[in-house]
Amino acid sequence: MSTIPMRPLGFGEILDGAIQLYRRDFGLYYLIALVCALPDYILLVLWNPTELLEGMEALEASDDPTAGLEIIGSMFGQLGYIFLVSIVALVFSWFAGLSLTVAMAKRIEERPVSLGAAYAGGLRKVISAAGASVLALLIYLVAQAVTVFLSVFVFMGFALVPGGAWLAVAGLIIVLIMNLVLVAFWYGATFAIFPAVVVEGLPAMEALGRSFSLCRGGWLKVVGIMVVAMIVAYAPIVGISALGGYWEMFQTPGEVATISPVRQWVMNTLDLVVGPLTVPFMVGCVMMLFHDRRVRREGYDLETLASEMGAETS
């Protein structure tokens, strides 16, 4: 018997349901996300950003193109390390979301699950989930490329008319809004990839198509839920960055001297401990939304109740 109400859910009910799912097995979900955050944390602890930020400061102060190229060359290794950290963080956070989906799906159906079982279930679904995710990303990149291509022509046209500078600024604002809308709709269109793979056992292409299909007729609600979930998920990272003064440091490279190894370790540790707190909430929103869309589009609640009644009478 599912722990989710067998009926359509409102916007607030989906968010409240995600919180209830999260609270019910808080320790398990937090541990799943925390363990997946450890590789990124270890790489960040081993990294000292002082050299990179000093290079940025020297590059900003240099007027010699040749010296600038030498500085960039010396920074190449640091930039490569940052890229490695970013890839590791992306891969493990993606796998954390998949493993949380496995664990939450089992707990919704009142089945037991452990940390190891969640990871094992995630590994069994990696190929299908990764295929659908990569395909969705490629579609998004193509859409972004089209947006940029059209934007270039718009800016070129603005440059040829009087008052083009103000028109260019207006065009830039429009492009930024278009990009934000595109990102929001991408998250909305791909929200059901993990549940489709884990709950319904669909392969990559069918899982992506399933996600698009469930969005039809409810785009605003799906996008709204996903935007709220993403804001909550990234709020701790933004808060820790603001608390550590990281934004000011990158805006003013001269502040690099204020970064000490102890301060770096404290901020990274805070990110490790606090960051995983919100990831299960986002997965909970996805699971509640997935259920709501199936009920509204396919009468999943009636189908499930009919199956249960048939099982009881047989």
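Predicted model: local features only at pLDDT ≥ 70, side-chain atom pairs only at ≥ 80, totals over all residues.
Thr101 touches Phe194, Pro195, Val198, Val283 and Met287, leaving aside residues up to four places away in sequence. This residue is found in helix 4, which covers residues 65–108. With a relative accessible area of 2%, Thr101 is buried, because buried means under 20% relative accessible area.

The protein chain has 14 helices and zero strands. Read from the N terminus on, its elements run α-α-α-α-α-α-α-α-α-α-α-α-α-α. The chain has 314 residues, of which 41% count as buried. Its accessible surface comes to about 16800 Å², and 74% of that surface belongs to carbon and sulfur atoms. Among contacts with a separation of 6 or more, 80% are accounted for by residues 24 or more positions apart.

Ala33 gives one example of residues that are separated in sequence and meet in space. Ala33 has its place in helix 2, residues 26–46. Ala33 and Leu100 are 67 residues apart in sequence, while their C-alpha atoms are 7.6 Å apart in space. Leu100 is also one of the residues that Ala33 touches; the others are Ala96, Pro276 and Val279, not counting residues up to four places away in sequence. At a relative accessible area of 6%, Ala33 is buried.

Helix 2 also packs against helix 5. The axes of these two helices come within 10 Å and cross at roughly 60°. That angle makes helix 2 oblique to helix 5, because the range that counts as roughly perpendicular is 65 to 115 degrees. The crossing of helix 2 and helix 5 is right-handed. On the side of helix 2, the contact is made by Leu28, Leu31, Ile32, Val35 and Cys36, and on the side of helix 5 by Leu115, Ala118 and Tyr119. By class, this contact between helix 2 and helix 5 has eight nonpolar residues, with no polar and no charged ones.

Helix 9 contributes Arg210, Ser213, Leu214 and Cys215 to the contact, and helix 13 contributes Phe290, Arg293, Arg294, Arg297 and Glu298. By class, the contact of helix 9 with helix 13 has three nonpolar, one polar and five charged residues.

Arg24 is found in helix 1, residues 11–24. At 35% relative accessibility, Arg24 counts as partly exposed. Along the chain, Arg24 and Arg107 are 83 residues apart, and their C-alpha atoms are separated by 9.1 Å.

Glu110 has its place in the loop between helix 4 and helix 5. Its phi is near 60°, a positive value in a residue other than glycine.

Technical notes
Residues numbered from 1 in each chain as written. Heavy atoms only, no water. Contact = heavy atoms within 4.5 Å. Helix = DSSP H or I, 4+ residues; strand = E, 2+ residues; numbered from the N terminus. Nonpolar A, V, L, I, M, F, W, Y, C, P; charged D, E, K, R; others polar. Buried < 20%, exposed > 50% of the residue type's maximum accessible area, 1.4 Å probe, protein only. Areas by Shrake-Rupley, 256 points an atom, 1.4 Å probe, with all protein chains shown as cover. Axes fitted to C-alpha atoms, helices over the stretch in contact; angles between N-to-C directions. Parallel < 35°, antiparallel > 145°, perpendicular 65-115°, else oblique. Left-handed = near helix turned anticlockwise from the far one by under 90°.
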